[in-house]
Amino acid sequence: MNNIDKLNAYIRYITIPQEKINDNPICPYAKRYLDKISHVFTNNMEEEIEKYYDNFPKDMKIVLILSEDIKKYNVEKLDYLAEINQKRLNKKDIWIAYDHPNNNNYIGEVKTNNNHFAIILLQPLKELIELSNKLKRFDYYDHWSKSYYKEIVEDRKRLLDDCV
């Protein structure tokens, strides 16, 4: 399976309803915005983050920066890249997050992380929070652990206060 096939399989996985989380997909909006996902495969994630700092595509909902080199871009390195770039990206209304095969995340009993790539995700922060707030009216977050909810949803909302 080539990289595009692996990426497409993962995107399909996060869009399908999961019985163990009350038939919610891992990412409820991914299917609606499939044509608004941009991606780039790279061996230099730092360089790609810099490119998107000034040139985030306004017609995209998410940019995926992917690397097959999961040793070079291990969980600690991705966490560091997210941490050192969030405040700066926040000024551009961009949220940064990461995904890694060795960083198992779950919503309820459903594994959410991918199995192939180190991924940096860039998304418009204000819009992401608006979409997240809509999900609060349903049972979507009922399956999240309190710590995961705080790490993702509450911390993202806190960033909005600093957003220009």
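Reader: Which residues does Y141 touch, once residues up to four places away in sequence are not counted?

Author: In this predicted model, Y141 touches S132, L135, K136, Y149, V153 and R156 under that condition. The term contact applies because heavy atoms lie within 4.5 Å. Y141 is also named among the residues of the largest nonpolar core that touch the most other members, together with L64, W95, I107 and W144. That core holds 32 residues.

Reader: Which elements give two or more residues to this core?

Author: They are α1, β2, β3, β6, α4 and α5. Apart from this core lies another, of 18 residues, including Y53, V63, Y73 and A82. As a general matter, nonpolar side chains in soluble globular proteins tend to be buried together.

Reader: Why is S132 called buried?

Author: The cut-off for buried is under 20% relative accessible area. S132 has 5% relative accessibility, and therefore counts as buried. S132 is placed in helix α4, residues 125-135. Leaving aside neighbours within four places in sequence, S132 is in contact with Y141, V153 and R156.

Reader: What makes L131 a buried residue?

Author: The relative accessible area of L131 is 12%. Since buried means under 20%, L131 is therefore buried. L131 also lies in helix α4, and its contacts, leaving aside neighbours within four places in sequence, are Y29 and Y33. L131 and P28 are 103 residues apart in sequence, with 9.6 Å between their C-alpha atoms.

Reader: Why is N22 described as partly exposed?

Author: Partly exposed is the class between buried, under 20%, and exposed, over 50%. N22 stands at 46% relative accessibility, so N22 counts as partly exposed. N22 lies in the loop between α1 and β1 (37-41).

Reader: What is said of phi in N22, and what of phi in D93?

Author: Most residues other than glycine have a negative phi. N22 has a positive phi, near 60°, and is a residue other than glycine. D93 is not a glycine either, and its phi is positive, about 60°. D93 is placed in the loop between α3 and β3.

Reader: How do you know that β6 is mostly covered?

Author: In β6, 7 of its 7 residues are buried. A118, I120, L122 and P124 point one way, I119, L121 and Q123 point the other way, and all are buried. This may be set beside a general rule: in a regular strand the side chains alternate between the two faces of the sheet.

Reader: What makes β2 and β6 a pair of strands, and how many bridges join β3 to β6?

Author: Two strands pair if at least two bridges are found between them. β2 and β6 have 5 bridges, in the antiparallel sense. L64 stands opposite L121 in β6. β3 and β6 run antiparallel and are joined by 6 bridges, and the bridge partner of W95 in β6 is Q123.

Reader: Which residues are closest to the centre of the largest pocket?

Author: The largest pocket has about 1300 Å³ of space. Of its 49 lining residues, W95, A97, Q123, I152 and R156 are the closest to its centre. The elements that give two or more residues to the lining include α3 (75-90), β3 (94-99), β6 (118-124) and α5 (146-160). α5 gives the most, with 7 residues.

Definitions and conventions. Residues numbered from 1 in each chain as written. Predicted model: local features only at pLDDT ≥ 70, side-chain atom pairs only at ≥ 80, totals over all residues. Heavy atoms only, no water. Helix = DSSP H or I, 4+ residues; strand = E, 2+ residues; numbered from the N terminus. Buried < 20%, exposed > 50% of the residue type's maximum accessible area, 1.4 Å probe, protein only. 1 Å grid on protein atoms, 1.4 Å probe; cavity = no way out; pocket = protein on both sides within 12 Å on 5 of 7 lines; lining within 4 Å. Points joined across faces, edges and corners; volume = space filled by probe spheres on them. Core = buried A, V, L, I, M, F, W, Y, C linked by side-chain atoms within 4.5 Å.
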